[in-house]
Amino acid sequence: MGTSGLMKRLGRLLTEDPEVLDEDRIERECRTEGAQRAKDCRRGDEAVMVGELRAVQTCARSAKTGVVAEFFDGSDTVLLKWLGRSRIPGIEPGRKITVRGRVATADGMKVVYNPYYELHSDQE
């Protein structure tokens, strides 16, 4: 990278909204995996997506409502819902994962119920 390219990148890092930079980073990483982008997935599609968990909500065993995670791949947010689970080891905010499942919609949001998932190691 030449001096001009370095200066442009440095300028962007200093002036760009940190959330936009984070979205760009996540989308770049997920694109290299060859996965589908969440924004391109439609209701009824069988999808494979790579992204990060932004938030995870667990419930008490007695409530039996399941674990709900906000998945983001840099292009869109998808809710992941594991029904009947009170906790899933490794499903935590900031974790990079690959998810597979059929896309549904609920309350205007994309949702994947009981998705198959693979946790990525922290080094990836």
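Tutor: Start at a hairpin. S2 and S3 form it, with 4 residues between them. Glycine 74 sits in the turn and has a positive phi of about 95°. Keep in mind that this is a predicted model.

Now the pairing. Strand S2 covers residues 67-72, and it runs antiparallel to S3 over 6 bridges.

Next, the two faces of S3, residues 77-82. Val78, Leu80 and Trp82 make up the covered face. Thr77, Leu79 and Lys81 make up the uncovered one.

The largest nonpolar core has 17 residues. Those touching the most other members are Met49, Leu53, Phe71, Val78, Leu80, Trp82 and Ile91. Strand S1 (46-57), S2, S3 and S4 each supply at least two residues of this core.

Stay with tryptophan 82. Its relative accessible area is 3%, so it is buried, the cut-off being under 20%. Beyond its neighbours within four places in sequence, tryptophan 82 contacts Gly66, Val67, Ala69, Ile88, Ile91, Asn114, Pro115 and Tyr117.

A search of the whole structure finds 1 aromatic pair. Tryptophan 82 and tyrosine 117 form it, edge-to-face, at 5.5 Å centre to centre with 80° between the planes. The pair links distant parts of the chain: tryptophan 82 lies in strand S3 and tyrosine 117 in strand S6, 35 residues apart. Tyrosine 117 is partly exposed, at 24% relative accessibility.

Asn114 is another contact of tryptophan 82. Asparagine 114 lies in the loop between S5 and strand S6 (116-119). Its phi is positive, about 45°, although it is not a glycine. With a relative accessible area of 44%, asparagine 114 is partly exposed.

Aspartate 107 lies between strand S4 (96-106) and strand S5 (109-113). It too is not a glycine, yet has a positive phi of about 55°. Aspartate 107 is exposed, with a relative accessible area of 83%.

From there, go back into S4. Threonine 98 belongs to this strand. It counts as buried, at 7% relative accessibility. Its side chain makes a polar contact with the side chain of histidine 120, at 2.7 Å. Leaving out residues up to four places away in sequence, threonine 98 touches Val48, Met49, Val50, Tyr116, Tyr117, Glu118 and His120. Two names on that list have come up before. Met49 is among the core residues that touch the most other members. Tyr117 is the ring partner of tryptophan 82.

Past S6 comes serine 121, in the segment after that strand. Serine 121 is partly exposed, at 32% relative accessibility. It is 24 residues from isoleucine 97 in sequence, and their C-alpha atoms are 8.9 Å apart.

One last stop takes you back to S2. Phenylalanine 72 carries a charge over its ring: the charged end of arginine 54 sits there, 3.9 Å from the ring centre.

Methods
Residues are numbered from 1 along each chain as its sequence is written. This is a predicted model: local features need pLDDT of at least 70, side-chain atom pairs count only at pLDDT 80 or more; totals for chains, interfaces and linings use all residues. Side-chain values use heavy atoms; hydrogens and water are left out. Buried means under 20% relative accessible area, exposed over 50%, partly exposed in between (1.4 Å probe, protein chains only). A polar contact is a pair of N or O atoms within 3.5 Å; within protein, one must be able to donate a hydrogen and the other to accept it, and residues adjacent in sequence count only if both atoms are side-chain atoms. Contact means heavy atoms within 4.5 Å. Two strands pair if DSSP finds at least two bridges between them. A nonpolar core is a set of buried Ala, Val, Leu, Ile, Met, Phe, Trp, Tyr and Cys residues joined through side-chain atoms within 4.5 Å. Rings of Phe, Tyr and Trp (its six-membered ring) pair if their centres lie within 6.5 Å; planes under 30 degrees apart count as stacked, over 60 as edge-to-face and the rest as tilted. A charge sits over a ring if NZ of Lys or CZ of Arg is within 6 Å of the ring centre and within 35 degrees of the ring normal.
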